Amino acid sequence: MSARVVPVSALLTRLKNVIAQSVPLDGVWIQGEISNLTKHRSGHYYFSIKDSRSEMSCVMFASYVNRLRFSVEEGMQVLVNGSVSIYEQRGSLQLYVKAMRPEGIGELYLEFEQRKRRLEQQGYFSEEAKKPQPAWIENIGIVTARDGAALQDVLVTLKKRWPMMNVTLYPALVQGRDAPASLMQALRRADRGGHDALLLVRGGGSFEDLFCFNDENLVKTIYDLDTFLVAGIGHEVDTTLAELAADVRVATPTYAAQRVSRDQYDALRWIEGAKQFLTDRTRQMITHSRTVLSSYENNPYLRDPLMWVVEKQMRLDQLSGALENALTKRYEMACVRERSLKDALWAASPRHAIESGRQKLDSARGLLNQNTRTQLRHQKERFARSVALLDACSPLQVLSRGYAIVQAEGKVVRAVDEVRLGEEVRITVSDGTLKAAITKKEKTNG
């Protein structure tokens with residue numbers, strides 16, 4: 001019996017499939033210490049995660065590294081989540097990390113995500129609920145710690161950009177268990193202060209330090225504010241629920257101050273430009289007014305108004321005469337047009353058509369009668385001629401002169417030889433017929 005032989009790659013592929021199917025790690029977080037950390041120029045992280053008894057190779061691809069909100073360092077205690085597989089080229093078991101959290105605040109992260117999801121579903125972060133920024137901001141309220149670095153950053157920025165800004169501080173706790181209630185109280189007071197905008201700011205800190213800004217009641221308080229609110233909490237990588245509920249979120253307190261203030265130097269440049277524009281425009285208006293004034297001064301009608309009135313009166317008389325002539329001409333043309341239309345209307349009226357038709361009918365009737373009489377006379381004359389001609393050619397007329405017609409067997413006898421001796425013949429004379437028998441035939445010479 002021969003043994004089964006398989007290549008190493010086939011074995012590792014089989015093991016890889018078995019592990020993928022039988023070792024699911026969805027929802028499982030692995031605790032350990034970062035060791036042998038290598039941050040590759042491609043953006044991937046290669047490291048090991050270990051505890052007191054075991055160690056495992058890990059890789060975290062750049063797409064997942066970019067989602068981290070903290071800096072990964074050698075020896076750091078972390079929680080990682082991912083999938084286990086075999087790296088076939090070396091035949092080693094490897095953990096492919098998709099998410100990582102610093103150890104000790106894993107529960108806080110879970111609480112943060114749950115609150116965020118719940119508040120987002122309730123609409124507290126919707127863009128439709130956010131208020132637009134006022135066009136001109138001259139009076140702001142700042143909600144932050146009285147002695148915090150964030151307040152100094154805001155004040156220094158405002159002094160550089162817009163020192164004439166009216167600023168009111170509403171001090172509040174920005175860390176600890178009592179911070180949410182203190183922040184809500186300060187925000188409500190500031191909202192009643194009649195400010196153009198409010199700033200909610202705090203300097204950087206750990207996730208635990210900033211967690212007071214993830215309070216659900218604080219989010220609802222921010223949502224109910226009537227004043228435009230800019231939130232700048234922590235650093236650029238930090239995001240709190242209070243910032244998501246604010247009308248505008250910026251990376252830092254300094255950016256918050258920049259968002260609600262104008263640059264005084266930009267304003268000065270704008271004022272200089274406006275000043276120059278007004279100066280140029282005023283000069284143009286003065287030049288134009290002088291030109292108009294000069295034209296008025298040189299206008300002969302203004303120097304002699306009576307002459308202007310006389311000329312206008314003459315022009316008026318001329319136009320009045322032209323208007324009268326034009327009206328007379330127009331009236332005459334209208335009269336001619338009226339007569340023409342009346343004639344055309346009479347020509348097209350049924351009465352005129354009937355009268356004209358009646359005249360034509362009478363004329364045609366007289367002509368028809370005359371033609372009929374003439375034709376009848378001609379026909380009578382022709383008939384008389386025909387009768388005379390017919391009478392002249394009639395056999396009866398010949399018979400009346402002593403001639404007779406001899407017929408034998410229904411045929412006219414024209415020669416002696418056409419009858420036989422003893423044959424009966426029929427003789428027609430002018431007043432009747434005779435029957436005779438041929439007793440003798442005699443031909444004439446010729």
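Alanine 135 lies in the loop between helix 3 and strand 6. The model is predicted.

Colleague: Is alanine 135 buried or exposed?
Modeller: Residues over 50% relative accessible area count as exposed. Alanine 135 has a relative accessible area of 74%, so alanine 135 is exposed.

Colleague: What distance separates the C-alpha atoms of alanine 135 and valine 260?
Modeller: Along the chain, alanine 135 and valine 260 are 125 residues apart.

Colleague: Are helix 5 and helix 6 roughly parallel or roughly perpendicular to each other?
Modeller: Take helix 5 as residues 179-191 and helix 6 as residues 216-223. Their axes come within 9 Å and cross at roughly 10°. Angles under 35 degrees count as roughly parallel. Helix 5 and helix 6 are therefore roughly parallel.

Colleague: Which residues of helix 6 meet helix 5?
Modeller: From helix 5, the partners are Leu183, Met184, Leu187 and Arg188. By class, this contact of helix 5 with helix 6 has five nonpolar, two polar and one charged residues. On the helix 6 side, the residues are Asn217, Leu218, Thr221 and Ile222.

Colleague: Which residues of helix 6 are buried?
Modeller: Buried means under 20% relative accessible area. In helix 6, the buried residues are Glu216, Leu218, Val219, Thr221 and Ile222.

Colleague: Which residue caps the N-terminal end of helix 6?
Modeller: Look at the backbone nitrogen of asparagine 217. A side-chain oxygen lies 3.0 Å from that nitrogen. The oxygen belongs to the capping residue, aspartate 215.

Colleague: How many aromatic pairs does a search of the whole structure find?
Modeller: A pair of aromatic rings is described by the distance of the centres and the angle of the planes. Across the whole structure, the search finds three.

Colleague: How many residues apart in sequence are the parts tied together by tyrosine 124 and tyrosine 223?
Modeller: This aromatic pair is edge-to-face, with 4.9 Å centre to centre and 75° between the planes. Tyrosine 124 lies in the loop between helix 3 and strand 6, and tyrosine 223 in helix 6. So the pair ties together parts whose separation in sequence is 99 residues.

Colleague: What angle lies between the planes of tryptophan 136 and tryptophan 162?
Modeller: These two tryptophans form an aromatic pair, 6.0 Å centre to centre. Planes over 60 degrees apart count as edge-to-face. This pair is edge-to-face, and the angle is 85°.

Methods: Residues are numbered from 1 along each chain as its sequence is written. This is a predicted model: local features need pLDDT of at least 70, side-chain atom pairs count only at pLDDT 80 or more; totals for chains, interfaces and linings use all residues. Side-chain values use heavy atoms; hydrogens and water are left out. Axes are lines fitted to C-alpha atoms, for helices over the stretch in contact, and angles run from 0 to 180 degrees between N-to-C directions. Helices (H or I, at least four residues) and strands (E, at least two) are DSSP runs, numbered from the N terminus. Angles under 35 degrees count as roughly parallel, over 145 as roughly antiparallel, 65 to 115 as roughly perpendicular and the rest as oblique. Contact means heavy atoms within 4.5 Å. Ala, Val, Leu, Ile, Met, Phe, Trp, Tyr, Cys and Pro count as nonpolar, Asp, Glu, Lys and Arg as charged, and the others, Gly among them, as polar. Buried means under 20% relative accessible area, exposed over 50%, partly exposed in between (1.4 Å probe, protein chains only). A polar contact is a pair of N or O atoms within 3.5 Å; within protein, one must be able to donate a hydrogen and the other to accept it, and residues adjacent in sequence count only if both atoms are side-chain atoms. Rings of Phe, Tyr and Trp (its six-membered ring) pair if their centres lie within 6.5 Å; planes under 30 degrees apart count as stacked, over 60 as edge-to-face and the rest as tilted.
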